[in-house]
Amino acid sequence: MPGKVLVTREIPEAGLRVLKEAGFDVTVLSEAPPARDGLLEAARGAKGVLSTVTETVDGEFMDVAGGGLKVVANMAVGYDNVDVGAAQERGVVVTNTPGVLDETTADVAFMLLLAAARRLGEAERTLRAGRWEWWGPKLFMGPDVWGKRIGIVGLGRIGQAVARRARGFGMEIYYHNRSRKEEAERELGARWMELDELLETVDFVSVHTPLTEETRHLIGAEELGKMKPRAVLVNTSRGPVVDEAALAEALEAGSIFAAGLDVYEEEPKVHPKLLERENVVLAPHIGSGSIETRDRMAVLAAENIRAVLRGEPPKNPVEQ
Ligand code: DGY
């Protein structure tokens with residue numbers, strides 16, 4: 001059974017250990033995202049691939065890997081970088097890593113929400129530049145978070161973890177989701193709303209939808225225009241869910257107060273107008289990046305590969 005497993009990036013040792021102990025011939029490609037040519041070359045003959053969000057795993061990749069390829073385990077909950085349809089056509093199982101990163105990612109969403117509202121980025125930059133001269137009665141004022149209204153767009157596992165944090169801050173919770181989440185409504189006191197109404201109602205919007213053709217630019221100029229002038233937008237899902245150019249304009253015009261972003265339309269590029277703005281906190285896609293969670297993600301992805309290559313059902317298969 002053992003054969004070649006390609007791990008496209010350097011991952012925590014705990015994940016590699018699972019693969020090595022199962023006897024696979026493990027190739028770890030690189031610390032940085034591999035160039036396409038090198039990635040394809042390394043894929044030849046692989047039975048299993050452990051990929052990350054920076055690799056495009058499409059039909060071409062699978063064809064180069066060859067007919068022996070059985071599984072692509074993406075070390076992420078999102079899998080928009082993998083062509084699941086192409087995998088299904090070729091009989092390749094695709095898996096992801098849900099459930100192990102919800103709380104950690106929710107921490108970062110809430111961190112961005114607090115930092116954007118209370119102007120932490122701007123305040124710290126001022127201090128570090130030696131430009132902080134005195135305590136000021138009007139210095140770096142921003143809206144309160146506690147007791148306000150939060151709107152969660154996409155009340156999946158991560159969205160619900162954000163809602164739990166919001167409850168701790170005494171916030172009223174609203175959400176928009178394709179389907180109603182009645183259990184979450186009962187547990188969290190969350191109220192469902194149409195997206196437009198939610199945007200008009202809440203003070204904080206936190207986005208948690210996967211990237212699909214329907215959610216691309218779900219938050220664009222029109223939606224931003226519906227938000228309150230003191231509203232804060234947070235995105236820790238996928239960059240293209242928010243129209244970055246429209247967001248930069250809204251922040252410049254002051255039609256919303258601030259934003260906190262962990263994801264971008266063309267990572268690692270960030271829209272130049274966002275980089276110029278003080279009222280946006282920018283993190284480099286670190287949502288799931290705690291030590292413990294990255295270990296759990298690596299182990300889960302490795303276990304999914306091991307299961308498929310042993311002919312067992314993987315824990316986290318995904319379908320188109
Ligand atoms: C995910 O899991 O989808 C993240 O974006 C990668 O940490």
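Colleague: How far is the polar side-chain atom of S288 from an oxygen atom of the ligand?

Modeller: Keep in mind that this is a predicted model. In it, a polar side-chain atom of S288 sits 2.6 Å from a ligand oxygen atom. As for cover, the ligand taken alone exposes 230 Å², and the protein buries 90% of that.

Colleague: And what do V77 and G78 do there?

Modeller: Both use the backbone. A backbone N or O atom of V77 is 2.7 Å from an oxygen atom of the ligand, and for G78 the distance from such a backbone atom to a ligand oxygen is 2.9 Å.

Colleague: Which residues are around the ligand?

Modeller: You'll find A76, V77, G78, L101, R238, H285, S288, R294 and M297 there. That shell splits into four nonpolar, three polar and two charged residues.

Colleague: OK, switching to the surface. Which residues form the nonpolar patch?

Modeller: L127, W132, W134 and L139, with about 460 Å² of accessible area together.

Colleague: Where's L139 in the fold?

Modeller: L139 is in the loop that runs between α6 (120-128) and β6 (149-153).

Colleague: Last one: is V5 buried or exposed?

Modeller: Buried, because its relative accessible area is 0%. V5 belongs to strand β1, residues 4-9.

Colleague: How far apart are V5 and M141?

Modeller: Their C-alpha atoms are separated by 53 Å, and along the chain the two are 136 residues apart.

Key. Residues numbered from 1 in each chain as written. Predicted model: local features only at pLDDT ≥ 70, side-chain atom pairs only at ≥ 80, totals over all residues. Heavy atoms only, no water. Patch = residues over 30% accessible without salt bridge, like charges linked within 9 Å, V, L, I, M, F, W, Y side chains within 5 Å. Areas by Shrake-Rupley, 256 points an atom, 1.4 Å probe, with all protein chains shown as cover. Salt bridge = Lys/Arg side-chain N within 4 Å of Asp/Glu carboxyl O. Helix = DSSP H or I, 4+ residues; strand = E, 2+ residues; numbered from the N terminus. Near = heavy atom within 4 Å. Polar contact = N/O pair within 3.5 Å; in protein donor to acceptor, adjacent residues only side chain to side chain. Nonpolar A, V, L, I, M, F, W, Y, C, P; charged D, E, K, R; others polar. Buried < 20%, exposed > 50% of the residue type's maximum accessible area, 1.4 Å probe, protein only.
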